[in-house]
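Reader: I am new to this structure. Please take a close look at one part of it, and start with the protein as a whole.

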Amino acid sequence: EGKKLPEDPGADTVDFPKRTTPAKGYELLFQPEVVRIYISLLKESKTPAILEASAGAIQNLCAGSWTYGRYIRSALRQEKGLSAIADLLTHDSERVVKAASGALRNLAVDLRNKELIGKHAIPNLVKNLPGGQQTPAKNLSEDTVVSILNTINEVIVDNLEAAKKLRETQGIEKLVLINKSGNRSEREVRAAALVLQSVWGYKELRKPLEKEGWKKSDFQVNLSNASRTQGGNSFDDSTL
């Protein structure tokens, strides 16, 4: 039968595994009816703490390759939950933005989700990055910026159209600025460089980028100027 993809990009319907016994204990957290409640809260609630908690619950449930994680990633798409989470990227609360970013990162493991998130969420992800001409400029914490950068990278890997969208939305300028400005932390620089390397990995984009004045060196990590203000841990402690 050949090699099967880890996720079916064409499957827009999902049937959760049939249970032979009632769900109990922690199993109640990932039943279909509960997932629908999370989605409803994301769409209807105006309370930042509830939005953050709902997006955080989805982030956790979609982490890794466990069986229900795969089903929930598909269910979120079927229930039109992706756009609700993407909309949270414009929220005034930084905690909500970070939770939404983390949820999208784990949801993008599903190939069909990755495609949709690339089309519709890249502009809002880019808007949350420091730099550029936006007014007023967002002043997000290191943790949130790193989360957003890691989400962007998850979405553009093996997704040329998303990488093109990143370029069209002035994402390259912001990434290079993070990489070279000298006032960003090492974690931010490393995360931005990872995205830039993913972009440069697309041979189809190199000529258009070079025509815009970018050079290969712009897409390589530059830690010599990174600020050392962060703590001892340089890893990304997100759920995934």
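Author: Of the 240 residues of the protein, 48% count as buried, where buried means under 20% relative accessible area, exposed over 50%, and partly exposed in between (1.4 Å probe, protein chains only). This is a predicted model, in which local features need pLDDT of at least 70, side-chain atom pairs count only at pLDDT 80 or more, and totals for chains, interfaces and linings use all residues. Residues are numbered from 1 along each chain as its sequence is written, and side-chain values use heavy atoms, with hydrogens and water left out.

The secondary structure comes to 12 helices and zero strands; helices (H or I, at least four residues) and strands (E, at least two) are DSSP runs, numbered from the N terminus.

Serine 45 is buried, because its relative accessible area is 15%. Its side chain reaches the backbone nitrogen of threonine 47 at 3.1 Å. Neighbours within four places in sequence aside, serine 45 is in contact with Ser40, Ile50 and Leu51, contact meaning heavy atoms within 4.5 Å.

Isoleucine 37 is found in helix H1 (residues 32-44). At 49% relative accessibility, isoleucine 37 counts as partly exposed.

Contacts can also be viewed across the whole protein. Among those between residues at least 6 apart in sequence, 73% join residues at least 24 apart.

Conventions. Polar contact = N/O pair within 3.5 Å; in protein donor to acceptor, adjacent residues only side chain to side chain.
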